[in-house]
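Hi there,

Here is the structure I promised to pass on. Could you open it beside this email as you read?

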Amino acid sequence: METASRRVTTPRRRRAVLSSAAALLGLLTLAPPSLEAGAPASAVLHFSRLPSRAVAGQAVTVSVAHARANALCSLAVNYGTSSTQPGLAPKTAVNGGASWSWTIPRTIEADRAQLTAACTGSKHITTKFLVVGSLIPPRMSVVKDGFSIRTSTGGRADVSYGVLIKNHSPNADALDVNVLVNFVLANNHLLGSSSNRIPLIAAGSTYALGNNLGFPGAAPVARLEIVIQVGSSNRHVGHAPAVDNVVIEPSTYEQGWVGDVAGELINNDAHLMLESAQYSAVVFDSAGNVLGGGSGSGYGSPLPPGTREVFKLTNGGFSDIPYEQAASAMVSAIPTWQTGTA
């Protein structure tokens with residue numbers, strides 16, 4: 001008797017499905033715990049709180065998350081290429097997070113702040129946010145003032161006066177500044193007034209205003225009364241040229257009186273030609289008291305970068321200041337720059 005036999009075969013498609021399932025089962029068995037279902041996708045150090053933009057002078061808070069337990073975290077903040085945020089102390093991570101709060105300095109100009117955070121056991125991370133600059137309006141004050149009175153043989157009196165004016169804004173220039181100087185008598189009545197226009201008092205600078213006022217008769221002035229009005233302002237740009245080797249010279253015509261204030265003007269810009277300068281000067285005695293002042297202008301040939309020239313100021317009230325009392329002088333120069341190179 002012939003024995004019948006039956007061969008059972010598995011279809012090729014079914015065998016492929018079984019092989020794929022077995023391979024997938026093997027991968028799941030060998031997968032590390034961090035890839036198991038339910039693991040957070042962002043389980044690495046990252047910024048969890050970050051403003052997209054901030055305004056200079058206002059407070060901000062930045063936080064990081066997913067630091068290791070009790071990790072020591074630090075944050076560094078740089079504004080542009082020249083300024084770093086001080087006072088950001090390291091923090092110990094609590095529940096995987098750390099936060100820092102600070103006030104952006106009001107003097108920071110518009111730029112992108114770069115933040116770098118680092119926690120022990122994690123790679124450091126870096127990001128940026130936009131800082132919008134805050135313009136601080138000019139605030140003007142009188143640092144010091146004073147005067148000298150010279151009476152002529154005909155009874156006429158000339159008063160030389162000087163005023164030091166400070167612009168306290170760190171980033172805003174005061175433009176079109178009007179300075180009213182009142183001459184006050186001992187009874188608090190006004191004897192006269194003098195108005196002065198200053199084109200520019202740069203941010204953070206002190207301007208030396210010097211001038212004079214004549215009277216047909218005696219001028220028993222007891223004090224000066226100063227009123228300052230700022231026409232407009234703008235963000236500080238540019239810089240003033242350097243002034244050096246300032247000297248007070250006696251008059252060659254009137255013995256005993258100041259003749260002029262002279263010195264050197266230096267073009268300290270690396271690229272621009274210095275076309276001209278408008279000068280004003282205040283003269284002091286040996287104790288630093290203001291004796292008066294004067295002014296002048298320089299319109300010679302334009303100065304190339306790195307060069308210098310002599311200036312000599314003769315306008316205003318220099319001739320009303322006794323030479324023997326004059327010990328030092330402060331000169332302010334408002335430049336006009338011309339684009340060009342040496």
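First, some ground rules. This is a predicted model, in which local features need pLDDT of at least 70 and side-chain atom pairs count only at pLDDT 80 or more, while totals for chains, interfaces and linings use all residues. Residues are numbered from 1 along each chain as its sequence is written, and side-chain values use heavy atoms, with hydrogens and water left out.

Now the cores. A nonpolar core here is a set of buried Ala, Val, Leu, Ile, Met, Phe, Trp, Tyr and Cys residues joined through side-chain atoms within 4.5 Å; buried means under 20% relative accessible area, exposed over 50%, and partly exposed in between (1.4 Å probe, protein chains only). The largest core has 27 residues, and V64, L75, W102, I104 and L115 touch the most other members. At least two residues of this core come from each of β3 (59–65), β4 (72–79), β7 (98–103), β8 (111–119) and β9 (125–132). Strands are DSSP runs of E, at least two residues long, numbered from the N terminus. Apart from this core lies another, of 20 residues, including V159, F183, I201 and F215.

Next, the aromatic rings. Rings of Phe, Tyr and Trp (its six-membered ring) pair if their centres lie within 6.5 Å; planes under 30 degrees apart are stacked, over 60 edge-to-face, and the rest tilted. The structure holds 3 such pairs. F183 and F215 have ring centres 5.8 Å apart and planes at 80°, so they pair edge-to-face. F183 is buried at 0% relative accessibility, and F215 is buried at 6%. Y279 and F311 are stacked, at 4.7 Å centre to centre and 25° between the planes; both are buried. Ring pairs also join Y161, F183 and F215 into a cluster.

Finally, which strand holds N167? N167 is found in β11 (residues 157–167), and N167 counts as buried because its relative accessible area is 0%. Its side chain reaches the backbone oxygen of A172 at 3.0 Å, a polar contact (N or O atoms within 3.5 Å, one able to donate a hydrogen and the other to accept it; residues adjacent in sequence count only if both atoms are side-chain atoms).

Happy browsing!

Notes: Helix = DSSP H or I, 4+ residues; strand = E, 2+ residues; numbered from the N terminus.
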